[in-house]
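Subject: Structure handover

Hi,

Here is the structure I promised you. Please open it next to this email, and my notes on what turned up follow below.

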Amino acid sequence: TACMKYKMEEFDDNCEELTILRWFRDNFVTKEDIEHYYNVAPIIVREINESKNSNFVYNYIYENIVSVCVESIKNGDYQFAYHRYKSSILALEEEFVRVQLRKKLLKTLNLMCHN
């Protein structure tokens, strides 16, 4: 959704991409992966929005994840779409969530050391 909000001049929550991806999520993605996504996605989006290269990141996500998955789903290649989705979420998590968690941990450790 964040990517589509970025890409679309006039955002439509019912655009083709989101409609197809939601259908796929509801029919093919495991509950565990959905739960994981909803835990990490807000952090990923926040970190992307705060980064200097958010334009590049959202363009990359659209071209290499959203549009690729949508085309794969349209073609019935659900296995490929699921793999691309899952590996992409893990990569985005590694890039944006783990970095944020490390920063918080270091900050906490620094505070503990100075007290």
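Start with Arg 22 and Asp 13, whose side chains form a salt bridge. Their closest N and O atoms sit 2.9 Å apart. One caution before you go on: this is a predicted model. Arg 22 has a relative accessibility of 24%, so this residue counts as partly exposed. Asp 13 is partly exposed too, at 36%.

The count of salt bridges comes to six. Another of them pairs Glu 16 with Lys 74, with 3.0 Å between the closest N and O atoms. This bridge links distant parts of the chain. Glu 16 belongs to helix α2, Lys 74 to helix α4 (residues 54–74), and 58 residues separate them. Both ends are partly exposed: Glu 16 has 46% relative accessibility, and Lys 74 has a relative accessible area of 42%.

Asp 26 and Arg 25 also meet through their side chains, at 2.8 Å from N to O. Is Asp 26 buried or exposed? Asp 26 counts as exposed, because its relative accessibility is 55% and the cut-off for exposed is over 50%. Arg 25 is partly exposed, with 25%. Shared partners also build a network of salt bridges, made up of Glu 16, Glu 71 and Lys 74.

Now the aromatics. How many aromatic pairs does the structure hold? There are ten. One of them is Phe 24 with Tyr 78. Their ring centres are 6.2 Å apart and their planes meet at 35°, so the pair is tilted. The two residues come from distant parts of the chain. Phe 24 is in helix α2 (residues 16–28), Tyr 78 is in helix α5 (residues 78–114), and they are 54 residues apart. Phe 24 is buried, at 4% relative accessibility. Tyr 78 is partly exposed, at 29%.

Phe 28 and Tyr 78 form a stacked pair, 4.4 Å from centre to centre, with 25° between the planes. Why does this pair count as stacked? The angle of 25° falls under the 30 degrees that set the limit for stacked, so the pair takes that label. Phe 28 lies in helix α2 and Tyr 78 in helix α5, so the contact ties together parts 50 residues apart in sequence. Phe 28 is partly exposed, with a relative accessibility of 35%.

These rings belong to one aromatic cluster. Its members are Trp 23, Phe 24, Phe 28, Tyr 37, Tyr 38, Tyr 78, Tyr 82 and Tyr 85.

Last, the pockets. The largest pocket has a volume of about 760 Å³. Its lining takes in 27 residues. Nearest its centre are Thr 1, Leu 21, Tyr 37, Tyr 85 and Ile 89. Tyr 37 and Tyr 85 are also among the members of the aromatic cluster. Which elements supply at least two residues each to this lining? They are α1 (2–7), α2, α3 (31–50), α4 and α5. The most comes from α3, with eight residues. By type, the lining divides into 24 nonpolar residues, one polar and two charged.

The second largest pocket holds about 240 Å³ of space. It is lined by 13 residues. Tyr 60, Ala 91, Leu 92, Glu 95 and Phe 96 are the closest to its centre. Two or more lining residues come from each of α4 and α5. Here α5 gives the most, with six residues. The lining has seven nonpolar, four polar and two charged residues.

Finish at the largest pocket, where α3 supplies eight lining residues.

Best wishes

How values were computed. Residues numbered from 1 in each chain as written. Predicted model: local features only at pLDDT ≥ 70, side-chain atom pairs only at ≥ 80, totals over all residues. Heavy atoms only, no water. Phe/Tyr/Trp six-rings, centres within 6.5 Å; stacked < 30°, edge-to-face > 60°. Helix = DSSP H or I, 4+ residues; strand = E, 2+ residues; numbered from the N terminus. Buried < 20%, exposed > 50% of the residue type's maximum accessible area, 1.4 Å probe, protein only. Salt bridge = Lys/Arg side-chain N within 4 Å of Asp/Glu carboxyl O. 1 Å grid on protein atoms, 1.4 Å probe; cavity = no way out; pocket = protein on both sides within 12 Å on 5 of 7 lines; lining within 4 Å. Points joined across faces, edges and corners; volume = space filled by probe spheres on them. Nonpolar A, V, L, I, M, F, W, Y, C, P; charged D, E, K, R; others polar.
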